[in-house]
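Here is a quick walk through one protein model, written for someone who would rather look at side chains than at summary tables. Keep the viewer open as you read.

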Amino acid sequence: MLDNILNGNSQIVGGQYERTIDKNNRFVIPSELRDEMPVNTVIRIMKCPDEASGKCLYVYSEEDWAYLCQSVKSKLTNDEKGRRIARKFATSFVPGKVDVSGRFTLDKELKEFAGITDKLMIVSSFNHKEIWSVDAWVKENGVMDDVDLSDLGIAF
């Protein structure tokens with residue numbers, strides 16, 4: 001998907017979506033995102049690699065995960081540090097499938113890492129979605145109020 005976006009062949013499905021988590025740690029994928037995460041498709045969820053950006057989770061479609069893996073692989077060196085980075089990356093995600101009801105089960109450890117209780121927010125980015133606790137997203141949204149899109153140098 002990222003290649004399609006960067007080459008102008010696709011649109012970003014944007015937005016933010018509040019979801020409720022059931023007693024089995026499942027939440028329903030918003031209908032607007034089901035083309036990117038259809039039933040029985042494997043998606044990958046990992047902790048945000050930069051905790052300074054917030055304790056959120058990154059969600060990748062199969063296509064975007066493959067692209068990310070290629071990018072990581074191309075940067076690895078064949079030394080001790082490179083092998084440690086490879087192992088850390090390879091053990092940093094949890095795969096799962098969207099079930100026939102359009103639900104995804106959130107791993108307990110990832111849920112705790114992100115501080116998610118009974119509700120979560122799914123928000124869009126270019127090559128992934130992010131899952132936030134509602135409280136953390138409200139805080140992040142406040143910080144984003146200071147971001148000026150005109151800094152991109154693009155006329156909107």
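## Charged pairs

Let's start with Glu62, which is partly exposed with a relative accessible area of 35%. (Buried means under 20% relative accessible area, exposed over 50%, and partly exposed is in between, using a 1.4 Å probe and protein chains only.) Before going further: this is a predicted model, where local features need pLDDT of at least 70, side-chain atom pairs count only at pLDDT 80 or more, and totals for chains, interfaces and linings use all residues. Residues are numbered from 1 along each chain as its sequence is written, and side-chain values use heavy atoms, with hydrogens and water left out.

Which residue does Glu62 form a salt bridge with? The partner is Arg44, with the closest N and O atoms 2.9 Å apart. (A salt bridge here is a side-chain nitrogen of Lys or Arg within 4 Å of a carboxyl oxygen of Asp or Glu.) This pair links distant parts of the chain, with Glu62 in helix α2 (residues 62–75) and Arg44 in strand β3 (residues 42–47), 18 residues apart. (Helices, H or I and at least four residues, and strands, E and at least two, are DSSP runs numbered from the N terminus.) Arg44 counts as buried, at 15% relative accessibility.

By this rule there are six salt bridges. Another one joins the side chains of Glu18 and Lys119, at 3.9 Å from N to O. Glu18 sits in strand β1 (residues 16–20) and Lys119 in strand β7 (residues 119–124), so this pair too links distant parts of the chain, 101 residues apart. Both ends are partly exposed: Glu18 has 42% relative accessibility, and Lys119 has 32%. Asp22 and Arg26 also meet through their side chains in a salt bridge, 2.8 Å from N to O. Asp22 is partly exposed at 27%, as is Arg26 at 22%.

## The overall fold

Zooming out, the protein chain has five helices and eight strands. From the N terminus on, the elements run α-β-β-β-β-α-α-β-β-α-β-β-α. Of the 156 residues in the protein chain, 34% are buried. If you take the contacts with a separation of 6 or more, residues 24 or more positions apart account for 61% of them. (Contact means heavy atoms within 4.5 Å.)

## Nonpolar cores

Nonpolar side chains tend to be buried together in soluble globular proteins. In this model the largest nonpolar core has 20 residues, and those with the most contacts inside it are Phe27, Ile45, Leu57, Leu106, Ile116, Leu120 and Ile131. (A nonpolar core is a set of buried Ala, Val, Leu, Ile, Met, Phe, Trp, Tyr and Cys residues joined through side-chain atoms within 4.5 Å.) The elements giving two or more residues to this core are β3, β4 (57–60), α4 (108–113) and β7.

Not counting residues up to four places away in sequence, Ile116 touches Ile21, Leu57, Leu106, Lys111, Ile131, Trp132 and Ser133. There is also a second, separate core of 13 residues, which includes Met46, Cys56, Leu68 and Phe89.

## Around strand β2

Asn25 lies in the loop between β1 and β2 (26–28). Although Asn25 is not a glycine, it has a positive phi of about 65°. Asn25 is buried, with a relative accessible area of 16%.

Further along, Val28 is found in strand β2 and counts as partly exposed at 32% relative accessibility. Where does the chain come back to Val28? Val28 and Ser101 are 73 residues apart in sequence, yet 7.8 Å apart in space, C-alpha to C-alpha. Leaving aside neighbours within four places in sequence, Val28 is in contact with Arg19, Arg34, Gly102 and Arg103.
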